[in-house]
Amino acid sequence: MSYVAPRARASGVLAAFALAGCGALLAAGCSPPGGAGAGPAASSSGPAASAPSTPGASDGPSASPSASGPPAEGGVTVTGVVAKDLESPWGVAPLPDGDLLVASRDKGTVSRVDVATGAVTAVGKVSGVAPGGEGGLLGLALSPSFASDRMVYAYFTTESDNRIARLRYDDKRPAGDQLGAPDTVFRGIPKGLIHNGGRIAFGPDKMLYAGTGETGDTGLAQDKKSLGGKILRMTPDGQPVHGNPEADSVVYSYGHRNVQGLAWDRDKRLWAAEFGQNTWDELNLIEPGGNYGWPEAEGKAGKPGLRDPVAVWKTDEASPSGIAWAQGSVWMAGLKGQRLWRIPLAGAAPVARPEAFLEGEYGRLRSVVALGGDRLLLVTSETDGRGSPEAGDDRILTLTVR
């Protein structure tokens with residue numbers, strides 16, 4: 001792996017956060033371009049500098065380490081790049097040997113990245129993918145029984161819907177012809193030019209979870225008969241799971257706008273990142289049957305029957321996609337915000353203000369993947385039609401975090 005120096009990019013907007021666990025509205029500023037982390041060698045990136053608190057708000061949690069959670073202040077070190085020159089990367093699935101499967105949203109293809117050499121090899125094209133707007137080939141996940149069944153799950157947009165299929169991966173076949181035909185396990189998720197959701201992951205219970213979007217039709221989020229604007233939970237065969245809120249339904253939670261981040265902490269709690277509209281992006285702690293408010297609420301509303309987010313951001317500070325849990329914190333990739341957020345947690349409550357790292361240094365950030373311990377992968381998204389790609393984009397970076 002080789003290190004790639006960050007690029008200077010415009011930044012410097014003011015972030016605002018609401019921490020449900022602290023009951024206060026806080027404000028934090030972001031470091032200027034060319035700040036911590038820039039330079040020709042790998043270095044630790046410090047958090048964005050704090051701005052004065054919002055008038056009338058409390059000072060929030062102390063910056064001292066918490067006895068019941070991680071330190072209030074963390075750090076990020078970019079240790080290398082494992083791939084570059086990727087086109088519209090979206091989902092990433094680490095293989096047992098450490099290599100990576102990477103989905104291209106707009107090409108509808110899966111590639112394999114050799115993490116030792118950086119070589120990118122074509123695995124195959126997923127038939128039936130119909131890219132358009134924010135749709136295409138999105139999330140990837142390995143079967144819990146991958147060692148024996150060699151199945152890769154994919155969430156993708158077709159001409160008629162968003163769906164989840166599994167494909168057998170045979171790396172003994174010629175490059176570009178290593179994926180079997182899609183076996184659809186779940187279909188009928190609404191599609192649109194926007195808000196297709198797309199993140200899939202197998203949970204600690206070995207069930208398949210999927211984040212969906214409401215496609216811009218806001219009423220779908222509150223309609224429990226619709227699959228749009230939901231988090232879904234199903235068996236690997238696409239069937240409702242015993243213990244779901246409704247026995248014959250895969251709907252696990254509702255009232256979502258566009259969920260693109262799913263991760264579990266060490267205590268098996270499910271967290272989800274969600275795009276707001278004009279005001280607040282959200283990090284939510286997911287409970288079965290929970291109503292997360294959209295479109296009746298955006299951000300922390302305090303309304304009976306609605307679950308408030310644990311943390312929120314102004315939409316130009318985040319626009320969150322993938323999340324991962326590591327070192328006692330949720331790490332959240334920001335697209336429009338062009339930064340990696342750290343949300344330190346003691347159980348289900350924040351112990352300090354979220355911290356921003358790598359602000360503006362690598363452009364739009366799509367996915368973050370936990371590799372165990374203090375190691376993360378970070379996927380950029382400059383070639384998704386909304387970025388400003390430069391030589392080498394898009395890339396997959398390796399990080400160590402604390």
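User: Is serine 88 buried or exposed?
Analyst: Serine 88 counts as buried, because its relative accessibility is 1% and buried means under 20%. Please keep in mind that this is a predicted model.

User: Where is serine 88 found?
Analyst: Serine 88 is in the loop between strand E4 (76–83) and E5.

User: And what about its phi?
Analyst: The phi of serine 88 is positive, about 45°, although the residue is not a glycine.

User: OK, E5 came up. Which sheet is E5 in, and what is the order of the strands?
Analyst: Strand E5 belongs to an open sheet of four strands, in the order E5-E6-E7-E8, and the pairing is antiparallel.

User: Which are the edge strands?
Analyst: The edge strands are E5 (89–94) and E8 (120–125), each of which pairs on one side only. From one strand to the next, the twist averages 25°.

User: What do strands of a sheet pair through?
Analyst: Strands of a sheet pair through backbone hydrogen bonds, and the pairing may be parallel or antiparallel.

User: How many bridges join E7 to E8?
Analyst: Strand E7 (residues 109–113) is joined to E8 by five bridges, and the two run antiparallel. Within this pairing, threonine 109 stands opposite lysine 125 in E8.

User: New topic: leucine 358. Where is it found?
Analyst: Leucine 358 is found in the loop between strand E25 (355–357) and strand E26 (365–372). Leucine 358 has a positive phi of about 60°, although it is not a glycine.

User: Why does leucine 358 count as buried?
Analyst: Its relative accessibility is 3%, and buried means under 20%, so leucine 358 counts as buried.

User: Now cavities. How many does a search of the whole structure find?
Analyst: The search finds two cavities of 30 Å³ or more. The largest cavity holds about 40 Å³ of space.

User: Which residues line the largest cavity?
Analyst: Its lining consists of Arg257, Glu274, Phe275, Gly276, Gln277, Glu282, Trp294, Ala297 and Glu298. By class, three are nonpolar, two are polar and four are charged.

User: Trp294 is in that list. What kind of peptide bond joins it to proline 295?
Analyst: Tryptophan 294 and proline 295 are joined by a cis peptide bond, with omega about 0°. Proline 295 itself lies in the loop between strand E19 (280–286) and strand E20 (311–314).

User: What joins aspartate 393 and aspartate 394?
Analyst: Aspartate 393 and aspartate 394 are also linked by a cis peptide bond, and here omega is about -5°. The loop between strand E27 (375–380) and strand E28 (396–401) contains aspartate 394.

Terms used. Residues numbered from 1 in each chain as written. Predicted model: local features only at pLDDT ≥ 70, side-chain atom pairs only at ≥ 80, totals over all residues. Heavy atoms only, no water. Pairing = 2+ DSSP bridges. Axes fitted to C-alpha atoms, helices over the stretch in contact; angles between N-to-C directions. 1 Å grid on protein atoms, 1.4 Å probe; cavity = no way out; pocket = protein on both sides within 12 Å on 5 of 7 lines; lining within 4 Å. Points joined across faces, edges and corners; volume = space filled by probe spheres on them. Nonpolar A, V, L, I, M, F, W, Y, C, P; charged D, E, K, R; others polar. Buried < 20%, exposed > 50% of the residue type's maximum accessible area, 1.4 Å probe, protein only.
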